[in-house]
Amino acid sequence: MLGVREEFIQLETTGNVIIKILFIFKMMNENINKLVNELCKLPKEVGWLEFKHNNCDPTMVGEDISALANSATLNDRDYAYMIWGVDDASHDIVGTKVCLSLEKKGAQELENWLRYMLSKNADFEFIDTDIDGKHVEMIRIRKALNEPVSFQKVDYIRSGSYTKKLHEFPMFRIQLWDKLRHTQFEDVCAKVDQKYEDIVRLLQVDVYFMLLKIPLPTEKDTIIHYLNEDGIIRKQDNGLYSITNLGAMLFAKDLNEFARLGRKALRIVKYKGINRLFIQNEELFTQGYAICFENIVRFVNALLPSNEDINSVQLSTKSNFPLPSVREAIANACIHQDLYIAGTAPIVEIFDNRIEVTNPGTPLVDVLRIIDNPPKSRNEKLASLMRRLKMCEELGRGWDRMVLACEAQFIPAPRIEVFQENTKVTLFSEIEFSNIPMEDKLWSCYLHACLMYIQGDALTNKSLRDRFNVKESSAGSISRLIKEAVAVGSIKALNPDTAKRYMRYIPNWA
């Protein structure tokens, strides 16, 4: 049995929890009331808003949810709303007899029936509140994503204050699909109903201004203006703010505060030896990428094997890996990951002889044209803001720099492996030419030809010897490598009639 003191402590703890829960409910109701009052100020119903009094016909509700979700996307709104208890002419709050949680379709609860009849991408919630003693019911509907929201396999849209079938309005259908195709993960809300105090509690706002080299404003409204303009936050219909995925992924103090983004935290693992048997060190960086990126690079560099340069006048160490390549590989993994793939994030795995950087998603460009192709970003807003924050260039130079850095240290070019839902880039440490696998020799030879070509030059036996730091006495091994590269079709002779010793080679696509 518990003693008197223990019982008191238990009751006090339970009481505190109850008080906290009641406080949360109170804040939620206040936010809902603000939202309803703000929506009532609109001069007329719009495509993403529907006022009703007591009419709660299930089929009508289902059609309206489809129409409002699609119209919200069409009008660039995050949410649409159905509200009972508001006069649709005067927008006065009159109260309603409707109670959505008790409504039924036959013997089935209304909500369950609607979720069965609506398409799987329909996202809505029932909300109730009382305003000045008058009962109000609401369905808050998230905008359509990926495809139109349908009801009983039919797509609906709002035309004025009417719900119509989407196929009756071809222009609306074209515009809607255009919006759906260009909907970006970065624009989706990660947290809603946030006050200014919540924003500065959840986001490292000062880092945003520091990286952009803008003095931190003293006025709250100025800070809000900057964050809103860059899509880090967005003003809601109720006067509060939502934090976007873009804002959270770059500036979150803790990504775990954002339910869907907790698994996007970058992970570093250092293994003992050259396999995954023993983990020596592991770190999970749960801050936004803009906050922790430089720390990630420093942390990785500190874990990399290195050698002391005994020929230097001052004591110094030299990493076995090209550091510019390491930085670019990590930056690319963050920027070009497929953010829609859930439950996975970029991971950097460090071995004694290699580094493997894996990210969700497959390349948007042909791997064989990764050197010369113009830049193409999967996450355009993320890449654009990271460029302004000086975390990347968005010039398509990343792979050029990675390969050039590897050539400067005479090591194999970074290996790219594409899997069903992931891409892995492997960086190698210093290795003798004779020990490099033929597959990596051929890949390095091909990328060297690409670099020489875009510089207005061509691959030669000498340039490839210099690239691998091979002595002239070993020119025969380089000749055999070139011959094999020609045989597999990765490079070709610039002029086949040239004498063998003067032969120059270019990529097969040139």
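**A sheet, some helices and a threonine**

Author: This is a predicted model. In it, β7, β8 and β9 make an open sheet of 3 strands in that order, with antiparallel pairing. The edge strands are β7 (150–151) and β9 (162–165), each of which pairs on one side only.

Reader: What holds strands together in a sheet anyway?
Author: Strands of a sheet pair through backbone hydrogen bonds, either parallel or antiparallel.

Reader: ok, over how many bridges do β8 and β9 pair?
Author: Strand β8 (residues 154–159) pairs with β9 over 4 bridges, in the antiparallel sense. In that region, Arg-158 stands opposite Thr-163 in β9.

Reader: And which helix packs on the sheet?
Author: Helix α2 (residues 58–74) does, touching β7, β8 and β9. The direction of α2 makes about 70° with that of β8.

Reader: Switching to helices. At what angle do α13 and α15 cross?
Author: Roughly 80°, and the axes of α13 (residues 438–454) and α15 (residues 475–488) come within 10 Å. Angles from 65 to 115 degrees count as roughly perpendicular, so α13 and α15 are roughly perpendicular to each other.

Reader: Which residues meet there?
Author: From α13 there are Met-438, Lys-441, Leu-442 and Cys-445, and from α15 there are Leu-481, Glu-484 and Ala-485. Sorted by class, this contact has 5 nonpolar residues, 2 charged and no polar ones.

Reader: How many residues of α12 are buried?
Author: 8 of the 11 residues in α12 (residues 398–408) are buried, so the helix is mostly covered. Among them are Trp-399, Met-402, Val-403 and Cys-406.

Reader: Covered by what?
Author: The cover includes the helices α10 (323–335), α13 and α14 (461–468), along with the strands β19 (415–418) and β20 (422–428). Just after α12, Phe-410 takes a positive phi of about 60°.

Reader: Last one, Thr-96. Where is it found?
Author: Thr-96 is in the loop between β2 (79–84) and β3 (104–105).

Reader: Buried or exposed?
Author: Buried: the relative accessible area of Thr-96 is 11%, and the cut-off for buried is under 20%.

Reader: What does its side chain reach?
Author: The Thr-96 side chain reaches the backbone oxygen of His-53 at 2.6 Å and the backbone nitrogen of Val-98 at 3.1 Å.

Notes: Residues are numbered from 1 along each chain as its sequence is written. Side-chain values use heavy atoms; hydrogens and water are left out. Axes are lines fitted to C-alpha atoms, for helices over the stretch in contact, and angles run from 0 to 180 degrees between N-to-C directions. Helices (H or I, at least four residues) and strands (E, at least two) are DSSP runs, numbered from the N terminus. Angles under 35 degrees count as roughly parallel, over 145 as roughly antiparallel, 65 to 115 as roughly perpendicular and the rest as oblique. Contact means heavy atoms within 4.5 Å. Ala, Val, Leu, Ile, Met, Phe, Trp, Tyr, Cys and Pro count as nonpolar, Asp, Glu, Lys and Arg as charged, and the others, Gly among them, as polar. Buried means under 20% relative accessible area, exposed over 50%, partly exposed in between (1.4 Å probe, protein chains only). A polar contact is a pair of N or O atoms within 3.5 Å; within protein, one must be able to donate a hydrogen and the other to accept it, and residues adjacent in sequence count only if both atoms are side-chain atoms. Two strands pair if DSSP finds at least two bridges between them.
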